[in-house]
Amino acid sequence: MIKLIGKKVLLREATQEDANTLYYWKYEEKKQEAKKWNAPYILEERLTKEKYMNSFDKEHELFPDVPQLLAVIIDEKAVGTVSCYWVDKYTDWMETGIVIYDSDYWSGGYGTEAYGMWINFLFEFTSLHRLGMSTWSGNIRMIKTAAKIGMKEEARIREARIVNGEYFDSVKMGILRREWNNRMKQKL
């Protein structure tokens, strides 16, 4: 079982209990604060609990022993996920993401640590050339988190997203393997 241990967070393959808790946060929790920030412009199909639980299965590995999703554990509770998906296998390019559903853990550095650990894991255990992320210009916390771990803004598609009847830019950020490796060397 994959376990990445940080100072504030633990990333791990979700246990059955974690998956149940994450299902609650994603679909059943009343306030749904995270959905106001995490791609609110995408109409998301509500998965059955069984389908959601299956999304954590080994069949969703992108490389041997590299899942597309890990649970974010803070204070021994599953509060979010880190994830990735292919953009282009030929050029070794994946998009990544993080969501922390429990707003009690926003703006405390938890997301930055978890996201940095995830990016490091993906570069360390794969041959990927680049990792990126996409968000909307209203999600300032995600843009700052990506910048803190070394991602650079690579594209801004003007007024491409509508949130609450207002247009926002789509923002794409990314980091190359050599840039990540240089960052890691500087930290030593």
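Which residues does Glu113 touch, not counting residues up to four places away in sequence? In this predicted model, Glu113 touches Gly6, Lys7, Lys8 and Val9, a contact being heavy atoms within 4.5 Å. Glu113 lies in helix 3, residues 110-124. Helices (H or I, at least four residues) and strands (E, at least two) are DSSP runs, numbered from the N terminus. Glu113 is buried yet has no salt bridge. Buried means under 20% relative accessible area, exposed over 50%, and partly exposed in between (1.4 Å probe, protein chains only). A salt bridge is a side-chain nitrogen of Lys or Arg within 4 Å of a carboxyl oxygen of Asp or Glu. The nearest side chain of opposite charge to Glu113 is Lys7, 6.1 Å away.

Residues are numbered from 1 along each chain as its sequence is written, and side-chain values use heavy atoms, without hydrogens and water. Local features need pLDDT of at least 70 and side-chain atom pairs count only at pLDDT 80 or more, whereas totals for chains, interfaces and linings use all residues.

Side chains of opposite charge can pair when their charged atoms come close. The structure holds seven salt bridges. One of them joins Asp18 and Arg12 at 2.8 Å, N to O. Both Asp18 and Arg12 are buried. Another joins Arg130 and Glu154 at 2.5 Å, N to O. Arg130 lies in strand 8 (residues 130-136) and Glu154 in strand 9 (residues 152-163), so this pair ties together parts that are 24 residues apart in sequence. Arg130 counts as buried because its relative accessibility is 16%. Glu154, at 44%, counts as partly exposed.

Lys35 and Glu44 also meet in a salt bridge, at 3.9 Å, N to O. Lys35 is partly exposed, at 33% relative accessibility. Glu44 is partly exposed too, with a relative accessible area of 46%. Lys26, Lys35 and Glu44 are linked in a network of salt bridges.

The protein chain as a whole has five helices and 10 strands. Its radius of gyration, taken over C-alpha atoms, is 16 Å; this agrees with the value near 16 Å for a compact globule of 188 residues, by the rule of 2.2 Å times the number of residues to the power 0.38. The C-alpha atoms fill a box of roughly 45 × 40 × 35 Å along the principal axes. Of the 188 residues, 47% count as buried. Among contacts between residues at least 6 apart in sequence, 60% join residues at least 24 apart.

Notes
Lys and Arg count as positive and Asp and Glu as negative; His and the chain ends are not counted.
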